[in-house]
Amino acid sequence: MYPRPFHYHRASSLREAVTMLSQLGEDARFLAGGQSLIPLMKLRFSNPSHLVDLSFVPGAAYIKQERSALHFGALTRHSEIENSATAAMLPVLHDCAAGIADVQVRNRGTIGGSLAEADPSGDWATVLLTQETELRCLGPSGERTVPLRGFITDAYTTVLGHDELIQEVIVRIPPPGSGGAYLAFKRSAPVYPTASVAVQLTMDGGVCKDAVITLGCVGLTVVRSEGSEAALRGHEIDDKAIAAAMEAARAAADPQADMRGSVEYKRVLVAALLKRAIEIAMRRARGEQVEVSHIYA
Amino acid sequence: MSGSDKTWVGQSLSRKEEDRLLRGRGKFVDDIKLREMLYLRFVRSPYAHAKIVSIDTSAAEKIPGVICTLRGSEIASQTQPFIEIAPDPGGRIRDYPLAVSKVRYQGEPVVAVVAESPAIADDGAEAVLIEYEALDPVVDAEQALTDASILHEEAGTNKVWNGVFEYGDVEQAFRDAASIVEIDRMHFHRFSSTPLENNVVIGQWDPKDDHIHYWCNNSFPSFAIQFLAAHLQVHIDRIRVQTFDIGGSFGIKITSYPQMAVCALASKKAGGRPIKWVETRSEHMISSAHGNERTFRDTRVALDNQGVITAITSRHIDDCGAYPRYEPLGCVIWSQVFPGVYRFKNARIDFTQAVTNKCPVGPNRGYSRMQHLWFLERVVDICAHELGIPADEMRLRNYIRPEEFPYTTPNGCIYDSGNYPKMLEMAKQLIDWDGWKKKQADARKRGRMIGIGIGTTLDSGTNNFGQSQIVNPGAPFSGNSQGANCKLDIYGEVVVAVGSCPQGQGHETTAAQVVADVLNINPDLITVRTGFDTERNVHTGFSGTYASQFAVSGLSAVHGAAQKLKAEMKRLAAFVLACKEEDLEFGSGAQGPEVRSKSNGRSINYWGLANIVNVNSAVLSPELHDVTLNCRYVWRAPFKVPDTKKKYGNLTMTYASQLHIAVVEIDGETCIPKILDYVAVDDCGTVINPRIVEGQVYGATAHGIGAALLENCVYDEVGNMLTSTFSDYLPITPVNMPSVKYGHIATPSPHSYSGAKGMGEGGAAPIHTISAALQDALFDKRIFIQDSFNNPDSLFRALRGETCRAKDLVKVERRA
Ligand SMILES: Cc1cc2nc3c(=O)[nH]c(=O)nc-3n(C[C@H](O)[C@H](O)[C@H](O)COP(=O)(O)OP(=O)(O)OC[C@H]3O[C@@H](n4cnc5c(N)ncnc54)[C@H](O)[C@@H]3O)c2cc1C
């Protein structure tokens, strides 16, 4: 299908984009990679009258390290993160970027667009919520920095104003002894995960000093499994602790039944993914290089 | 290569068409832009079953750029309903290309909107208002047969067709049985093929000469024009159909004639401007065609004390969706492989087909036979397990033996050749069967679920259309034929035209190989015209590309035409070179391809021969005036009309076979099935181009694995299709594919001139094989694989004991 007629505007700076959106009003939308917005427009589920394209703004896509944080321009494509040596400092970012859909989608889709879209099945929010992540946002009244926790308030809903955009994503580099992992089950490449799990473990020898655990695709927003975190924090990570963390994840998940699986199945699946993600995160916390790929079947 | 004995047939030549297709220079229908062309969009029913109360197109027609709209009642007033192949009651169904007074599946087209651009057509479609009154939907075939809610009032029942196929002495076999196995219910799921290119039609009904011209990607155009001419009430010669490169069909594009009809009628209404319709992916998923879904009920199997199956009885219920279209041919086509690869002689299958409020079915790759072959493979594995016989041993005891070919099946089909035990042996060796058996036993001790499954399948090719008379004794079809033309053009170019419309099968290459051998020239010198064009006048009433037959019907026609041409060239050359025909030899010389006289050393090249016939004919002697060097040949399959009462006769010419083995592990925590190892062994007789055959095997294997684990057309209880996009319907991608080991044997067919067999469909071996492997992994948990589709969620539910419990579904009676 073809979208309804709309006007296309190309912004030359992010500030100009914000101004344009303010002036064009409620019927205008930012366009980044178009990998969520354009399909919706083609199905005529979303029918904006104006699109303000951010893709041609110079300097809006970058990956750089500044002191103890990685900075991503909002327009950075998934594939740029997948292939970036700088981003590889946090293997969990590579786990995520490399596993989003297929090459075409990764070449177009952006990290900023993905967070702004707040799709309940999106990968980025699940991963970045296990990290200390802040978003630098730009609106008509200027800049503000908001933590990612609390940024997404509901499915497809964020705290952003209508004419406010994400300018930069800042991810603090975890301390030594900390390791993360992100694992999803996807039935095939171009499909969102059935369920996914992100884990960040900070270890002190065999003991877990801190754990952050999020579950993706099993709720309207990313589910933080605090019960799973508590099961690990302060403990030796043994089979018993892992079993308790899995049990907590099963309980925390609040999935919907759909073509990807039934409610009960997704609960069991998310717990099983958690077990594997914990194992990978532990190895990474020990400094091991571990390559992971999502499970496709 | 003059004088060489090397033949081109049998070589792994790269495909001639590859260069064009891989460089993005293929020509597909949507590449065609015509002057004054308009665009069509369908307004489709959101309901599975509803009465149309009112249609208001006035707002749409006011949109600038919308030219006109078209609705079902307008079509019904100026056309005949499409031909129904079924006798009564199915024959009473009235099928029009747009819904007339009610809709019968979600996605059924109700109104067509024609506009200056595709986007305006979409705007127009959005502005059409249709009021519906919902009716009770029927989404299950067995429920449909209760006739509680009827789809087609004219038919008075949802039953399209019923027939009993009985052979041998079933009762006696059951009386003599050492054991009897009963299986309550099995189900073959609904899935489709997802060609990269959707359906595309450009149709023009030109008022100047009252001719209809189609540029389209229909894959069986001679069938389509027969349906269209009768429907549109025009002389069939006034319909021109052209096809171009086609991005896949798998049979699904055979039934695009309703949309073709709408494009012609819309063109007529729009004053004769050409109309283009490009199907979207979602439209393709909800309303092009799905494969046949089938339920197997009350199966009883009689076995002797060696585990040899002696008889099978069963009731099969086929679901053809809302309109039969190509059906009920599927009600007989399965019987081409009635006993599968097995020797049992006694059987009774009660076969019924029903309409339901779902997308109409079309002849999807493996059409109607794969359902039945899957059923038989399940029966064999279940019986083997219940009797404690290993799956490979069970097959060896029941396979038709190599020395029994040609083998006449209980229903009169003649299996040309084959060697199933040898394929099994090769497959076992390639996969290291014994090694896996050990690993499986070890893994089982540690609680892991690994299964090893065998799937043996047949790909019957080159139909006897006389089988249509088994479903409808009044059907005016029998036999099979294909046409080809081979000529020397004015400057001596060899040009071959075939009535096929390939979709990746490499016809340009294999046809050139065949002609190259006849004329003893290099295939690069031969131009092959594929793609259908009624005005090329090579087609017969069966022309198209479907049903695994080109290697036999298409290439036999090409071979015949080439020989006819060669005979004419010989007569002409003997005259020109003043020698006897026996003295002539064909080959290539300094001036290109030529004919030489061995007796006097003189020669004439192709240009010389063509020149005389075409533009220098005064030198010809009158007895050569019938030589045209432009030879049409029609090849006819040597079939007889089957005995329609006994449902007996030879229904197909060749039987390619495939044997696959898979090792699958079901993860205990995630229930995700993972293919650990896979082997595919095929036998399609004499191979014309091994590389093409191997490519087809990989393609069919991917397709089948996708069908077994990923691809499922799901409807909810009110008939909403839940899998209309690639987010929910999952065609297999490379990340899902295991690496496949490939093996090959060749048992040449005595039925085809070259020994080749059709093999394009592949018989859906992976579906049987994956089911078998999953079953093998789960037998000891008393879980019974009941469905041809299995995914992590369904395995999860089975493992929790919610479904597929063997104790509810399988019964064994041991007498001896
Ligand atoms: C076939 C397919 C499969 C996919 N599979 C996955 C998957 O498995 N996992 C996954 O995570 N994603 C998946 N995606 C989505 C993909 O990651 C998108 O790239 C992402 O969701 C949106 O990013 P975008 O840049 O394309 O945004 P757009 O589509 O351009 O925009 C999305 C929304 O965000 C707004 N927006 C964009 N940029 C900004 C900004 N800087 N500030 C504020 N608002 C902004 C837009 O106005 C719009 O409302 C898939 C997409 C497709 C087409």
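The contact between the two chains takes 24 residues from chain A and 32 residues from chain B, where contact means heavy atoms within 4.5 Å. This is a predicted model, in which local features need pLDDT of at least 70 and side-chain atom pairs count only at pLDDT 80 or more, while totals for chains, interfaces and linings use all residues. Residues are numbered from 1 along each chain as its sequence is written, and side-chain values use heavy atoms, with hydrogens and water left out.

Here is the interface in brief.

| Item (chain A and chain B) | Value |
|---|---|
| Buried area | about 2500 Å² |
| Salt bridges | 7 salt bridges |
| Polar contacts | 11 residue pairs |

Buried area is the accessible area (1.4 Å probe) that two parts lose on being put together, summed over both. Of this area, 60% is on carbon and sulfur atoms. In chain A, Arg187(A), Met259(A) and Tyr265(A) lose the most area to chain B, together 27% of what that side buries.

A salt bridge puts a side-chain nitrogen of Lys or Arg within 4 Å of a carboxyl oxygen of Asp or Glu. One joins Arg276(A) to Glu669(B), at 3.4 Å from N to O. A polar contact is a pair of N or O atoms within 3.5 Å; within protein, one must be able to donate a hydrogen and the other to accept it, and residues adjacent in sequence count only if both atoms are side-chain atoms.

Which helix gives the most to the side of chain A that touches chain B? H10(A) does, with 7 residues; helices (H or I, at least four residues) are DSSP runs, numbered from the N terminus.

Notes: Chains lettered and ligands numbered in written order. Helix = DSSP H or I, 4+ residues; strand = E, 2+ residues; numbered from the N terminus.
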